[in-house]
Amino acid sequence: MNMRDAVRYVSCEKVFGAAVRTGGEKTLHGRKNGDSVLVDLQNNFVAVADGPERNPSASQSFLKRIHGMLGSAKPHAEIGDLSVNDVEKRFHGIIGETNSIVKTVRYTDNTTFTALFFVRHVRKALLLHTGDSMLYHFRIDEDTAEKVSQTNHCFVGRIDRLYQTKLIDYVPDSRFLLATDGFYDLVRDMRNSTSGKMEKELLALLKTTSVDQLPRELIRTYDVKPEMSDDLGIVVLNPDYDDIPNKAYYLL
């Protein structure tokens, strides 16, 4: 298999782009990718996870359980009727439900987990995070970039609750990037040069490239040594989209 073919993409115009790319060594030896991406637009939820080498299916299994929790919660249409206070109460409920799942994960099924649950009519989002995957919040009109997640090694399966939860206010020019730690491997040349170059280049790309095309453009431009690459899972999101696509659930 050509290493540049070991990528799966899914996207929705102007709303999101996502990709899962298998690392070079795994591709050469036919081993399974341990990174997974979940995009559930009906529930306004996106997530990435990175499972261990010895159990690469752990990440996808955990995301499936989280998706099952979302499916049994308040439907998207009803959330749209909630006040700001009620939305924040719902966020607290999601944290509790997620922690209940986290407590049951075995050590052998450990995985990172970074997710964003957002409510568009009040423009508030909730970060759910543990491990060394990441969330960035970009403001493309204001030229700002913030790494919201706190990197740690408290993986699901080794803890009984999420390491970090955070309420985020966003605006029409907000863009979110969620990725596993393979993202830093992808953009290593940017990160190893001047301070802040990675954020500046990503902001420039976000201004000229639609979010649905950004993962493809990043991999095309910066994956210069795919044979040395790590697994990668990435989602780039415009949370202020107008309509929910017909197909609203994706798991890579």
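What order do the strands of the open sheet of six strands have?

## The open sheet

The order is 9-6-5-4-3-12, and the pairing is antiparallel. Two strands count as paired if DSSP finds at least two bridges between them. Helices (H or I, at least four residues) and strands (E, at least two) are DSSP runs, numbered from the N terminus. Strand 9 (164-169) and strand 12 (249-251) are the edge strands, each pairing on one side only. From one strand to the next, the twist averages 10 degrees. Angles run from 0 to 180 degrees between N-to-C directions, and axes are lines fitted to C-alpha atoms, for helices over the stretch in contact.

Thr165 in strand 9 is the bridge partner of Leu128.

## Basis of the model

This is a predicted model, in which local features need pLDDT of at least 70 and side-chain atom pairs count only at pLDDT 80 or more, while totals for chains, interfaces and linings use all residues. Residues are numbered from 1 along each chain as its sequence is written, and side-chain values use heavy atoms, with hydrogens and water left out.

## Helices across the sheet

Helix 2 (residues 58-71) lies across strand 3, strand 4, strand 5 and strand 12. Its direction is at about 20 degrees to strand 3. Helix 4 (residues 84-102) lies across strand 5, strand 6 and strand 9, and runs at about 15 degrees to strand 6. Contact here means heavy atoms within 4.5 Å.

## Nonpolar cores

A nonpolar core is a set of buried Ala, Val, Leu, Ile, Met, Phe, Trp, Tyr and Cys residues joined through side-chain atoms within 4.5 Å. Buried means under 20% relative accessible area, exposed over 50%, and partly exposed in between (1.4 Å probe, protein chains only). The largest nonpolar core has 27 residues. Those with the most contacts inside this core are Phe16, Val37, Val39, Leu116, Leu135, Ile168 and Phe176. Several elements give two or more residues to it, including strand 1 (7-12), strand 3 (35-40), strand 5 (113-119) and strand 10 (174-179). Strand 2 gives the largest share, three residues.

Apart from this core lies another, of 26 residues, and among them are Phe45, Val102, Ala115 and Phe117. Val37 touches residues that include Ala18, Val48, Leu63, Ile234 and Tyr250, not counting residues up to four places away in sequence.

## Strand 7 and its partners

Strand 7 (residues 134-139) is mostly covered, with five of its six residues buried. Six bridges join strand 7 to strand 10, and the two run antiparallel. Leu135 stands opposite Leu178 in strand 10.

Strand 7 also pairs with strand 8 (residues 144-147), in the antiparallel sense and over four bridges. Lys147 in strand 8 is the bridge partner of Tyr136. The hairpin of strand 7 and strand 8 has four residues between the strands, and Asp143 takes a positive phi near 55 degrees there.

## Positive phi in two loops

Most residues other than glycine have a negative phi. Lys14 has a positive phi, near 70 degrees, and lies in the loop between strand 1 and strand 2. Lys14 is exposed, with a relative accessible area of 57%.

Arg123 is not a glycine either, yet has a positive phi of about 50 degrees. Arg123 is placed in the loop between strand 5 and strand 6. The relative accessible area of Arg123 is 33%, so this residue is partly exposed.
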